[in-house]
Every structure is written in C-alpha cells, then in structure tokens.
Amino acid sequence: MRIPRLAALLLLAACGSGPAPAPARYKAMTFNVLYSASFEDVEKSVDAIEAAKPDVLCLRELTPRFASAFERRLGKEYSQRRLESRQGTWGVGIATRHKLLRTEVFPERPHRLPAMEADVLVDGHRLKVVCVHLMAPGARHKKDEGLLESLPKNAALRDKQGRALMDRYAKVKLPLLLLGDMNETRGGDAMKAFAAAGFTHACDGPDADCGPTWPVTPGGLLAFTEIDHVLARGLTLSGAQVLQVGGSDHYPVEARFDFAP
C-alpha cells in the first residue's frame, strides 16, 4: 500500500530519525566550598557532593575542617584523592572514583596561588584533570589598596594565569578536564585564552542548565554571576548544571563527560 507523502513525513517525525545518543558515562564537579564555612555549612556541602556522586571532583578553598568531614563521610567512596587543605582560601583537592595515577600541586604563575593536576585512569582511558582557582577580583595587593585599584590588577593577573596554564598544557595529548573557580565570566581574558586553546565550555553542550554560581548569600538570595566553570579538551561534554545546593557562597557545577569512541 502506498503511503501519502504527508502521512510519511508525519510518521518520520513521530518516530525520529534514529535512536537517541547514549548519555555521557562520567560526571565531573567543581565546588568552591568556602574557607569560612561553619560546621553546619560544611555538612551541607558534603551532602551535595554525596548526592551528586561525581566521578571526578575539584575542591577549592579546601580547609582542614572540610577535608576532615569529607574523609569521615566519603573517604571510602573516594579513596583515590589528594586533599591539600589550608586555612584561608588556598586549599585545593581532587578526588575520584577511579584510579589516581599521579598528582602535582603547582603555582598559578605569575602568582603563587596553587593549582592541582592529576592523571586519572578512567575505565582504561587516561585523563588529565586540572583544578584551578584564579585571582579574585577584589584581592588586595597592598593594605591601603582600594577596589578600583584591585580590579584591573587582578584582571591582568588572571589573564597571565590563563596564558601560563595554556602554555603548560599546550603539548599535552591526553584528554583534559579544566575546572574550578575562575573568578571571571566567559568574557574574561583567561576564559578567552582557554577557548582559543581549544577548550569547550560544558554549558555550551547539549542539555545544559547553567547560570550564575556566585555569590550565594546566607539569606538565600540567588547568585548573579557565573564564575565557576567546567571545560574540556579532547572530551565530549553534556548535561552541565548549576546545582543550587550546599553551604558555600558558591554553587557547585557538574557536567557529564565522555571519551571519543
């Protein structure tokens, strides 16, 4: 029996052109957990990580209090980890459900603010993970320095930090996840350097539900700017979300990633 053309088109539209692509298998999360978080807020942030169940986790502003809570509650689940906790904002950590092959803490030049990189073996695929925290816009370099002086200085520092990171990884052939608190939106110079070096932004991928990540106030007011990011080179990214959970002044960001077939 011959099917009329219109009916055939409607049938094709209803059935789709083929099976839907399989969702990415793995999840990455970045979370600035707030150096001054109270015990109760630390527990809320650990709750958020426990619920999200990321395969790869980047932690910034990692304090001894947070590291202790994380190890107590999630130490068995994330036995593969390196947590370099500090009082203040300089703590950094990477935790994973997969085999951690090596880690290195290094300064984000030209400043000494530390970043961490790790090589992770994910179901036979070697992955490089880089967890960063670029210079905060309002950070003062002199005691008497005002905000109007700090802002351009720190923007220039982030630009240099971004370029230094791209120089460091220019020749790396492994798939690479770059994630953390960049302290700037996608229009910032460091973010432009990442894009120019071939990194894709998770929130530009399919099924993204992104938005502002900071500042989350104690009164529950929503964040208004996007400064926490998940980027990748040599991976597919999808399903990025800003999770409005936790006890920090930042919301965590998660995204799914996968390797080329």
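This is a predicted model: local features need pLDDT of at least 70, side-chain atom pairs count only at pLDDT 80 or more; totals for chains, interfaces and linings use all residues.
**Entry 1**

I looked up the strand order first. Six strands form an open sheet, and they run S5-S6-S7-S8-S10-S9. The pairing is mixed. Next I asked which strands lie at the edges. They are S5 (99–107) and S9 (200–201), and each pairs on one side only.

I then picked one pair of neighbours. Strand S6 covers residues 114–122 and strand S7 covers residues 125–133. They pair in the antiparallel sense, over seven bridges. I checked Leu121 too: its bridge partner in S7 is Arg126.

**Entry 2: the helix on the sheet**

I looked for what packs on the sheet. I found helix H4, residues 147–168. H4 touches S5, S6, S7 and strand S8 (176–181). The direction of H4 makes about 135° with that of S5.

**Entry 3: the disulfides**

How many disulfides are there? I searched the whole structure and found two. In sequence order, the bonded cysteines pair 1-2, 3-4.

I took Cys58 and Cys131 first. Their sulfur atoms are 2.0 Å apart. The angle about the S-S bond is 70°, and the link is right-handed. This pair links distant parts of the chain: Cys58 sits in strand S2 (residues 56–60) and Cys131 in strand S7, 73 residues apart. Both Cys58 and Cys131 are buried.

Then I turned to Cys203 and Cys210. Their sulfur atoms are also 2.0 Å apart. Here the angle is -85°, and the link is left-handed.

Is Cys203 buried or exposed? Its relative accessibility is 14%, so I count Cys203 as buried. Cys210 has a relative accessible area of 30%, so I note Cys210 as partly exposed.

Notes: Residues are numbered from 1 along each chain as its sequence is written. Side-chain values use heavy atoms; hydrogens and water are left out. Two strands pair if DSSP finds at least two bridges between them. Helices (H or I, at least four residues) and strands (E, at least two) are DSSP runs, numbered from the N terminus. Contact means heavy atoms within 4.5 Å. Axes are lines fitted to C-alpha atoms, for helices over the stretch in contact, and angles run from 0 to 180 degrees between N-to-C directions. A disulfide is a pair of cysteine sulfur atoms within 2.5 Å. Buried means under 20% relative accessible area, exposed over 50%, partly exposed in between (1.4 Å probe, protein chains only).
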